[in-house]
Amino acid sequence: MSFTTSPNDRIPDRSIRICADRGGTFCDVHASYPDPENPAGERKELVVKLCTLLHTPGLLRFETHPTCPRDRNRQKDTQRADYIRLSTTIATNALLERKGHKHALLITKGFKDLLLIGNQSRPRIFDLNIKRPGVLYSKVVEVDERVTLVGYTSDPQAENHAVKFDEDGNIIKEYSGKGWDGVSTGEGPGKVVRGISGEAVRVMKEPDVAQIEKDLKKLYDEGYRSVAIILVHSYTYPEHEQIVGEIAKKVGFDHVSESSKLVPMIKMVLRGVSSTADAYLTPILKQYLDGFFGGFDKSLREGTFNAEGGQGGGRVEFMGSDGGLVDVNNFSGMKSILSGPAGGVVGYALTSWDSREGKKVPVIGLDVGGTSTDVSRFDGRYEVVYETTTAGVTIQSPQLDINTVAAGGGSCLTFRNGLFPGWSGECRCRSWSCMLPGGPLAVTDANLLLGRLIPDFFPKIFGKSEREPLDVDASRTSFERVAREVNESLEGRDHELSLDEVVYGFIKVANETMARPIRSLTEARGYATGKHVLASFGGAGGQHACEIAKLLGIKTIVIHRHSSILSAYGLALADRKVRKELGEQGFSGSRVKVERMLNMRFEGTDTSLMVLPEAVGCEAQDYLEAFKRVYKAEFGFVLEDKPVIVDDVKVRGIGKTFDDLGPSIYAEVEQLYQANKVVNLHRGMGPKEKAEPKRYSVYFAPPKGRVEDTPVYSLAMVIDETQTIVALVTSQGLYIKIEG
């Protein structure tokens with residue numbers, strides 16, 4: 001990156017803020033800095049969008065002027081940087097493509113095949129040929145140790161039979177329930193101690209330190225540098241995992257994932273799979289970070305890793321899967337699965353939500369990027385899930401509830417067996433036909449040929465020389481070949497399909513594919529899809545938003561002024577996780593918020609639900625009523641006669657990055673209506689501007705078809721004459737209201 005601005009000497013140190021979202025196809029960068037002419041006023045903004053398919057992967061180039069030199073080898077000065085915030089899909093892609101780091105699993109003796117067996121879930125029970133995803137680890141080493149809990153959960157007299165401890169952890173009452181041998185403190189031989197959860201733990205066998213060190217040295221000699229440690233009941237008694245972890249570090253392993261530190265929760269399978277995922281992905285992230293810091297002067301690394309001491313320059317922060325920022329020391333593979341799309345959720349949630357009383361309407365986020373489409377829902381709170389499955393790997397970690405489909409601008413287009421199957425997750429174009437002649441057809445080629453992308457507005461960075469415009473002719477030639485194939489397969493029809501109809505057929509498939517996860521987030525959960533606002537963003541979002549809204553019955557669309565790079569812009573708005581250094585970074589008082597959640601379930605069931613009373617309209621401390629409401633909404637009934645068990649307690653701290661973003665786009669729209677400045681784009685009537693619009697040939701949904709002289713304005717396009725579209729260009733973005 002280059003931080004040179006003009007006038008150079010008037011930008012103070014530690015004042016430039018940079019946010020970058022590195023996606024699978026594009027790297028989006030948003031930066032801001034104090035206005036040299038008005039330092040106390042609004043910050044200046046800069047936006048850069050790089051195609052990572054054409055430029056060196058991982059290279060971030062922050063330019064303040066088109067003539068800024070592209071020196072990719074020189075170390076960049078970061079003296080003026082306040083922070084660099086990043087979101088990345090590095091770990092996600094490594095998991096999807098199974099290109100993580102080779103690692104070994106250390107597990108309690110007798111449980112060698114536990115993660116291979118799994119929990120017996122069958123998500124596709126009617127498939128005739130089920131292929132179970134393989135495990136992530138390459139080798140298993142059993143650790144000869146064992147602890148167990150004293151007593152059993154379903155004991156009706158558990159309180160009376162349980163071991164009692166004083167405040168110092170000393171035993172004041174022995175176990176007296178079923179299974180007691182009448183001699184021991186617990187149910188049998190072995191010392192009894194109090195676990196972290198307060199449960200009585202009986203240590204049946206201590207780990208053999210010498211044997212463990214021998215096994216780890218053998219792994220090290222075989223080339224392993226990362227290990228995952230999963231021992232029985234370590235969520236409440238982590239001492240044995242800590243012993244093994246210390247030995248592994250002593251032997252020289254670069255990365256050690258202890259399940260008791262990563263996921264201190266019951267359910268050994270989920271805890272184990274999550275830990276192996278961390279051992280598989282975190283080393284890949286560390287390699288990425290080493291390369292990243294290698295491109296900058298040493299002050300950035302010092303400012304990042306020594307922030308508490310106030311040393312060095314700016315700092316680097318990462319977007320976590322739950323929508324919060326974490327520092328480098330706490331950023332891991334497990335927390336980065338949804339790092340990329342999480343920034344977009346934060347961005348649209350804070351810019352498209354109307355928080356005024358009586359005006360609150362839930363928002364659906366539609367993020368159409370180059371690789372995939374990410375869909376989420378916001379109704380005043382981030383919807384967070386604590387157990388997710390990605391690429392067949394179930395991970396126990398807080399993540400925003402985001403549904404992803406493999407339909408983006410770079411998704412390959414095919415025609416087979418008389419059908420438009422579209423694409424598969426494995427078919428993402430590394431270069432589209434319009435970008436590099438000879439490349440496969442993609443959704444972007446279809447939008448280009450239909451006139452929905454205008455080459456005049458694109459930079460000349462394509463082709464083999466990276467200096468050519470988008471190649472419409474290359475896209476047309478490829479689609480003409482597909483059109484002939486389509487018409488040959490449709491013998492017997494009254495007329496052949498035109499080139500436009502064939503190309504638009506692919507767009508219809510894409511739109512329906514993108515609409516499917518929206519229905520899953522709304523209709524499948526009891527929400528009316530049409531009673532939402534659609535917040536469209538991502539580089540390809542604007543090309544599909546109106547037709548998707550029409551498919552779903554949505555009447556209002558909001559497109560932020562930074563919609564193309566909203567995932568990067570969301571990083572600038574994201575909250576920090578509460579840690580002790582928050583005070584040093586200026587977070588205090590009302591800017592710090594703490595949320596307390598309980599993971600609850602009915603006795604005899606295996607389904608736990610994370611409950612936050614305020615999220616469901618209950619009093620702050622009424623967790624039981626909140627749990628019943630959440631359970632009823634999820635399953636349609638409540639087990640009134642069953643006791644409720646609390647499995648875990650979670651506390652989440654949040655440090656607010658900003659106090660207020662100012663009036664919402666909805667408030668600005670109301671002001672425009674009141675000032676009589678609203679213009680209807682209907683039946684060819686455009687905005688009353690002095691400048692005449694440019695006109696291009698654009699294809700619209702039938703029956704309209706192709707319109708040769710479609711007016712295109714600097715900030716809006718007349719989209720359809722078959723319905724009334726009210727498009728309001730505000731200071732914050734584009735507000736579209738479909739009235740009929």
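# Reading buried residues, sheets and a helix

Mentor: Let us start with Asp-647, which is buried, with a relative accessible area of 16%; buried means under 20% relative accessible area, exposed means over 50%, and partly exposed lies in between, with a 1.4 Å probe and protein chains only. The model is predicted, so local features need pLDDT of at least 70 and side-chain atom pairs count only at pLDDT 80 or more, while totals for chains, interfaces and linings use all residues. Residues are numbered from 1 along each chain as its sequence is written, and side-chain values use heavy atoms, leaving out hydrogens and water.

Trainee: Where is Asp-647 placed, and which side chain does a polar contact join to the one of Asp-647?

Mentor: A polar contact is a pair of N or O atoms within 3.5 Å; within protein, one must be able to donate a hydrogen and the other to accept it, and residues adjacent in sequence count only if both atoms are side-chain atoms. Asp-647 lies in strand β30, residues 644-655, and its side chain is joined to that of Ser-608 by such a contact of 2.7 Å. Helices (H or I, at least four residues) and strands (E, at least two) are DSSP runs, numbered from the N terminus.

Trainee: Is His-532 buried or exposed, and what does its side chain reach?

Mentor: His-532 is found in the loop between α12 (499-521) and β25 (533-537), and at 4% relative accessibility it counts as buried. Its side chain reaches the backbone oxygen of Thr-529 at 3.3 Å.

Trainee: How should I read a sheet, and what is the order of the four strands in the open sheet with β5 and β12?

Mentor: Strands of a sheet pair through backbone hydrogen bonds, either parallel or antiparallel. Two strands are said to pair if DSSP finds at least two bridges between them. In this open sheet the order is β6-β5-β12-β13, with parallel pairing. At its edges stand β6 (139-143) and β13 (255-258), each with a single partner strand, so one side of each has no neighbour in the sheet. Between β5 (residues 104-108) and β12 (residues 226-230) there are four bridges, and Leu-105 stands opposite Ala-228 in β12.

Trainee: Which strands form the open sheet that contains β11?

Mentor: Three strands do, in the order β7-β11-β10, and here the pairing is antiparallel. The edge strands are β7 (146-149) and β10 (191-194), each pairing on one side only. Four bridges join β10 to β11 (residues 200-205), and Arg-194 stands opposite Ala-200 in β11.

Trainee: What span does helix α5 reach, and which of its residues are buried?

Mentor: The expected span of a helix is 1.5 Å times one less than its number of residues. Helix α5 (residues 239-251) has 13 residues and reaches 19 Å from its first C-alpha to its last, close to the expected 18 Å. Its buried residues include His-240, Val-244, Ile-247 and Val-251. After α5 comes Gly-252, whose phi is positive, near 120°.
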